[in-house]
Amino acid sequence: MQRRQLMGASVALAGAWAFQACAADLKAPFPRLRIFIPANAGGGWDQTGRTLGQALLASGQVAEVDYENKGGKGGVIGLAEFAQKHAKDPAALMVGGFVMVGSVALNRPAVDLSQLTPIARLTNELPVLVVPADSRYRNLAAFTADLTARPTQVTIAGGGAGGVDHMCAAMIARAAGADPALLAYQPFASGSEVLAAVTAGKVSAAVSGYGELHEGIASGRLRALGITSKRAAYGVPSMMEQGLKVELGNWRGVFAAGGLSADQAATLRNAVQRATQDASWKDAVQRNSWQASWQTGAEFQQSLEFDQQMARVLVHLLHLKPA
């Protein structure tokens, strides 16, 4: 009898757990949510999207998350597919950011961000200018003086042509008084390749997100000359504080489909906000050297419009053409 009672109690307990799990799922604002990532697996947007998905689950905002990757042309291929495939879908989010803004300015696609619903800006990653440890450039002033005098001979490594690293290099050149169109910019497919090139001394300097280069800086293989924030960050002096007017952030955020009602957009926004308050999200922000950069509503829209205007100007200054 004792064994039967124990088995019965175990079955009852398992049933109670199952009921509680089902009840929790029913309480979640989204029984199922899709996160569309307009890039291949393994990159920054993929990392952001999957980290957000985990935080949405951990915070009880969704019961299940599906992920979809579609890379190409700085996100504009995925942008077009998301806008068409998930039109008016109140349970779908797309990851995007400054890189996509630049790609839209460069490629001028038929589908752009105006056809989506901005939900929230999530994080910001600061680009940093570095040189090899044995470089003759001891500080930012020495580097910019040489860049102004010999712009075609001072080589700068960074991410893809027209991307945020390229635009940052152009802003540095322009602020220093050099012609951005004369930049000797060498694009690489990944941050690890940028790190390898500058560490080996194959280029004069490199621009990339701090998270991509912090290992080289911490190990002493690289010297950080300046970071693109108003004030010093991560122990690196800001370019602004050194007299070079360059302020730029590689932000990432999420967008929803066009055609949503105000209530549908608000439900998505509230779910994302609660996810970013979860410990799993906060841990990821610290671990990846991201900066929390929460923006919604009119503030996010105004920032987006400013970045779009700046990207169009930089594409023009650099005489960039679509690949």
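Predicted model: local features only at pLDDT ≥ 70, side-chain atom pairs only at ≥ 80, totals over all residues.
By residue class, 24 polar, 15 nonpolar and six charged residues make up the lining of the largest pocket.

## Elements around the largest pocket

Several helices supply at least two residues each to this lining, namely H2 (44-58), H4 (98-107), H6 (164-176), H7 (191-199) and H8 (210-219), and the strands S8 (205-209) and S10 (250-256) do likewise. Helix H4 gives the most to the lining of the largest pocket, with a contribution of four residues.

## The second largest pocket

The second largest pocket holds about 480 Å³ of space, and its lining is formed by 21 residues, of which Met171, Glu247, Leu248, Phe306 and Met310 lie nearest the centre. Two or more residues of this lining come from each of strand S4 (117-125), helix H6 and helix H11 (297-317), and H11 provides the largest share, with six residues.

Sorted by class, the lining of the second largest pocket has 10 nonpolar residues, six polar residues and five charged residues.

## An element found in both linings

Helix H6 (164-176) is one of the elements that supply at least two residues to the lining of the largest pocket, and H6 is also among the elements that give two or more residues to the lining of the second largest pocket.

Definitions and conventions
Residues numbered from 1 in each chain as written. Heavy atoms only, no water. Nonpolar A, V, L, I, M, F, W, Y, C, P; charged D, E, K, R; others polar. 1 Å grid on protein atoms, 1.4 Å probe; cavity = no way out; pocket = protein on both sides within 12 Å on 5 of 7 lines; lining within 4 Å. Points joined across faces, edges and corners; volume = space filled by probe spheres on them.
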